[in-house]
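I opened my notebook to look up contacts between side chains.

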Amino acid sequence: MKIFIGSDHRGIELKQEIIRCLEEDEFSVYSTKTPNSEVDDYPDFAFEVGENVIKAEDALGILICGNGIGISIAANKVKGIRCARVLNEDDAFKAKNHNGANAVAIGADLSLEKAMEIINVFISTKTASEERHLKRINKIIKYEQGEYNEL
């Protein structure tokens with residue numbers, strides 16, 4: 001599994017620690033190439049991670065900004081990305097298992113321990129398989145592709 005990770009200036013330290021932990025667990029981790037600075041913009045990192053997740057097979061994205069909201073909104077503009085801002089392990093499980101998320105966004109102020117708990121749940125959770133969840137995810141995909149006509 002490939003894991004793409006990006007953060008704006010607020011999340012640089014947490015991102016580096018997450019990369020270290022994931023690499024210790026033998027995951028293939030790819031950090032964004034967009035340079036960080038004090039005036040960087042979270043959409044740039046969200047778009048880069050999103051594009052990479054979509055292009056790669058068996059890939060997930062992890063995004064970090066001040067509180068995770070802005071970067072998740074930006075990531076969801078990438079066609080095919082379903083990014084959830086998550087606050088805890090239950091959010092991470094439901095994001096992937098119920099909503100088919102292929103990326104998560106977290107806040108930069110989380111402790112490394114809490115961030116890794118969330119990320120480990122997200123990575124280890126199986127994708128949606130129940131018909132009710134698949135039906136909803138497929139509606140989202142159809143709408144994104146301009147094929148949804150149930151309104």
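I count a salt bridge where a side-chain nitrogen of Lys or Arg is within 4 Å of a carboxyl oxygen of Asp or Glu. The model is predicted, so local features need pLDDT of at least 70, side-chain atom pairs count only at pLDDT 80 or more, and totals for chains, interfaces and linings use all residues. Residues are numbered from 1 along each chain as its sequence is written, and side-chain values use heavy atoms, with hydrogens and water left out.

**Entry: salt bridges**

How many salt bridges does the structure hold? I find eight.

I looked up Lys139 and found its side chain in a salt bridge with Glu150, at 3.5 Å from N to O. The pair links distant parts of the chain: Lys139 sits in helix α6 (residues 131-144), Glu150 in the segment after α6, and 11 residues separate them. Helices (H or I, at least four residues) and strands (E, at least two) are DSSP runs, numbered from the N terminus. Lys139 is partly exposed, at 29% relative accessibility. For that word I use these cut-offs: buried is under 20% relative accessible area, exposed is over 50%, and partly exposed is in between (1.4 Å probe, protein chains only).

Next I took Asp109, whose side chain meets that of Arg10 in a salt bridge of 3.1 Å, N to O. This pair also links distant parts of the chain, 99 residues apart. Asp109 is in the loop between β5 (103-107) and α5 (112-124). Arg10 is in the loop between β1 (2-7) and α1 (12-24). Is Asp109 buried or exposed? Asp109 is exposed, because its relative accessibility is 64%. Arg10 reaches 43%, so it counts as partly exposed.

Then I turned to helix α5, where Glu117 and Lys114 lie three residues apart, about one turn of the helix. Their side chains form a salt bridge at 4.0 Å, N to O. Glu117 is partly exposed at 30%, and Lys114 is partly exposed at 25%.

I also noted a network of salt bridges that links Glu17, Arg20 and Glu24.

**Entry: rings**

I searched the whole structure for aromatic pairs and found two. One of them joins Tyr143 and Tyr148, edge-to-face, with 6.2 Å centre to centre and 65° between the planes. Rings of Phe, Tyr and Trp (its six-membered ring) pair if their centres lie within 6.5 Å; planes under 30 degrees apart are stacked, over 60 edge-to-face, the rest tilted. Tyr143 is exposed at 57%, while Tyr148 is partly exposed at 22%.

Last, I checked Lys96, which lies over the face of Phe122, at 5.4 Å from the ring centre. A charge sits over a ring if NZ of Lys or CZ of Arg is within 6 Å of the ring centre and within 35 degrees of the ring normal.
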